[in-house]
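Biologist: I'd like to go through this model with you. Can we begin with the charged pairs?

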Amino acid sequence: MDRVGRVFAFACGRRSKWLVLALWVAALAVAGPMAGKLTGAENNDASTWLPGSAESTAVINLEKRFQPDNMVPALVVYERTSGITPADRNAVGQDIRRFAAVDGVTGRVAGPIPSADHQALQVVVPITVGKNGWDQIGGVVDQLHGIAGGGDGLSVHITGPGGYAAASADAFKGIDGTLLYAALGVVIVMLLLTYRSPVLWLFPVLSAGGALLAAQGLIYLLATHSGLTVNAQSAGILTVLVFGAGTDYALLLVARYREELRRHADRHEAMALALRRAGPAILASAATVAVGMLCLLVAELNSTRGLGPVAAIGVGVGLLAMLTLLPALLVVMGRWVFWPVRPSHGSVEPTQRGLWARAGVRIARRPRVVWIATVLILVGLAAGVSDLRASGLSNADSLLGKPDAVAGEQVLARHFPAGSGQPIEVISNAGQVGQVRAALAGTDGIVDTTEPVTRGNLTLLEGTSADAPDSAAGQATVDRVRAAVHRIPGADAKVGGATAIVLDTSRAASHDSHLIIPLVLLVVLVILGLLLRAVVAPLVLIATVVLSFGAALGVSTEIFHHVFGFAGEDTSFPLFVFVFLVALGIDYNIFLMTRVREEAERRGTRPGALIGLGATGGVITSAGLVLAGTFAVLATLPLVAFAEIGFAVALGVLLDTLVVRSVLVTALNLEIGRWMWWPHRLARVPDRVEVPEHEAEPALAR
């Protein structure tokens, strides 16, 4: 066996398998306690989500001079549609005194501020953001809810940045456990249906679970000692990715192991061959996903950039587990784990007469008709992309249901200027504060400005916008304010605040999409070229990947708008869906085409295409269903952005698995034939239909 084969075979050696298991037990004993601390190491501050170079991020950092405790305002709004009474004012005054005594409320509680129509009162409560971020804000807001009066016709709501931070904390509460148990349930059900064994499913699940613990422990170390940024988004996606991708690798390995058990009496020899033949495909698939995720490091958005290394680590550890821990477990247990259908030595391989083998025969009758019809259908599905509205979601539209923060924002909009409570903030040099204030006040869309607050050589000004802070009109006001204050010589003015954050995030997301999507395509193309040692095949496969992505995006967009009633898509939605679909979808290209290439070496491309489909069609289908199911669990969170990503990726994986990989690519293989491998020597080898007896599967010794 060659060097690569010996490396793969180490995990299933007669003695070395015990060493592999011992090393994993030791590693998990160390990583387990650290994995449990990962949630505490998450950083969900605004700066971890924003573009690092954005003007609004600079304002957040400069604000610390004015608010050393890093405060976030919660807006408590009281409403009586028949008019606020003196008794209401007295009750609110008592609430204010009690608000000020709450642990976590720092600074002066401002208010009550009456509305112009005398139907509402507004109180601004400054909340300190501690090391626990959202969770701490959520706890303070809960106490404010318990204090705030109401009833007898007087309603009360808590909104503003503090209210929405509390709503986000509720949405992300228990995210790791929710996603873990949901993903675990999906994987177990799909493995039971795939293997039809009450035992076999346990070992891929144990391996994936071990990989997740090890990855979380490693990420915790990097987050606490190397400055790696982890937030709730990347931690949640890590769980889904490790279980989804890891189980895919397990399915491919187990399928090949079962094939080899039918050919070899010794299970160690069978696993060694399975690792030798499936291992390179699994390794290439994981490398593609990991490198694709690392492309996110060039993103401007901190949240997107931070996801890259977290996801790459998860995939890398998942790969290691499936190529070492899983093989060791399977060879220790023996053939009985496949009960009740044990693959005995010499039995017939069922994939030779299975569903996908029969499908391949039908595709081979008219491959040109099949691929043209499939392309036309996918192009038609992709037409829905024209309705994509990935310009961002408002605060109210980003949460499923109607939390109190949304209700409070609606009350504010009815009685106060739309930008009330979430002002546009301008920080400039103190020497030019008069000019800066005049420019701010004179900007179209600004209805009020505050008195300047000076700390050292810097001054903070706030302006109230006439438009909602997360609206297009509000963002246009930010652009006008920036244009006005940037013209003042020597002011070095920077404009931030909630509206500026939304604007800068949207623009950074657009920049990231235009940069990262071509980069990922190039990386995948290079990896496919090196793996398949061809030019035509990688180009064809990349084209099918893009077509699959477009179809998934088009269908998802129409369903979001016309079925689910979503107002639009998150700014990062197209990029995340693309990266996950291309990086993970390419797995199925690699699984299929490496097997087709293996068979083409012996039989020719056209026969190899049919045999490759029959041998891998079932495992690719199972892998796709598992991956789609694990990403679909993202929809269990009450966040529109997660629901959109989960749905679109799940749909795209199903399209890729059931249509693109198995039907379209097979039809193109049959249509293009041996030229698929140009300029490799396979392009010069004519197809052979039958396999001579001397070309039967070689034994390990050969």
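Predicted model: local features only at pLDDT ≥ 70, side-chain atom pairs only at ≥ 80, totals over all residues.

Biologist: Fine. What do the side chains of Asp-656 and Arg-661 form?

Modeller: They meet in a salt bridge, at 2.8 Å from N to O.

Biologist: Is Asp-656 buried or exposed?

Modeller: Asp-656 is buried, at 4% relative accessibility. Buried means under 20% relative accessible area, exposed means over 50%, and partly exposed is in between (1.4 Å probe, protein chains only). Arg-661 is buried as well, with a relative accessible area of 0%.

Biologist: How many salt bridges does the structure hold?

Modeller: It holds 18. One of them pairs Glu-259 with Arg-595, with the closest N and O atoms 3.0 Å apart.

Biologist: Where do those two sit, and how many residues apart are they?

Modeller: Glu-259 is in helix α10 (residues 232-263) and Arg-595 is in helix α20 (residues 573-603). They are 336 residues apart, so the pair links distant parts of the chain. Helices here are DSSP runs of H or I with at least four residues, strands are runs of E with at least two, and both are numbered from the N terminus. Glu-259 and Arg-595 are both buried.

Biologist: What does Glu-260 pair with?

Modeller: Glu-260 forms a salt bridge with Arg-277, at 3.7 Å from N to O. Glu-260 lies in helix α10 and Arg-277 in helix α11 (residues 267-294), so this bridge ties together parts that are 17 residues apart in sequence. Glu-260 is buried, with 0% relative accessible area.

Biologist: Which residues do shared partners join into one network?

Modeller: Arg-256, Glu-259, Glu-260, Arg-263, Arg-277, Arg-595, Glu-598 and Glu-599.

Biologist: Changing topic. How many helices and strands are there?

Modeller: The chain has 22 helices and 9 strands. Its radius of gyration is 29 Å, close to the 27 Å that the globule rule gives for 702 residues, so the chain is as compact as a globular protein of that length. That radius is taken over C-alpha atoms, and the rule is 2.2 Å times the number of residues to the power 0.38.

Biologist: What box do the C-alpha atoms fill?

Modeller: Roughly 95 × 50 × 50 Å, along the principal axes. Of the 702 residues, 56% are buried.

Biologist: Now the backbone. Which peptide bonds are cis?

Modeller: One joins Trp-339 and Pro-340, with omega about 15°. Pro-340 lies in the loop between α12 (302-333) and α13 (355-365). Another runs from Trp-678 to Pro-679, with omega near 5°. Pro-679 is in the segment after α22 (640-672).

Biologist: Why mention these?

Modeller: Most peptide bonds are trans, and most residues other than glycine have a negative phi.

Biologist: Which non-glycine residues have a positive phi?

Modeller: Asp-492 is one, at about 50°. It sits in the loop between α17 (472-486) and β9 (494-497). Arg-533 is another, at about 55°. Arg-533 is in the loop between α18 (498-532) and α19 (536-564), and it counts as partly exposed at 48% relative accessibility.

Key
Residues numbered from 1 in each chain as written. Heavy atoms only, no water. Salt bridge = Lys/Arg side-chain N within 4 Å of Asp/Glu carboxyl O.
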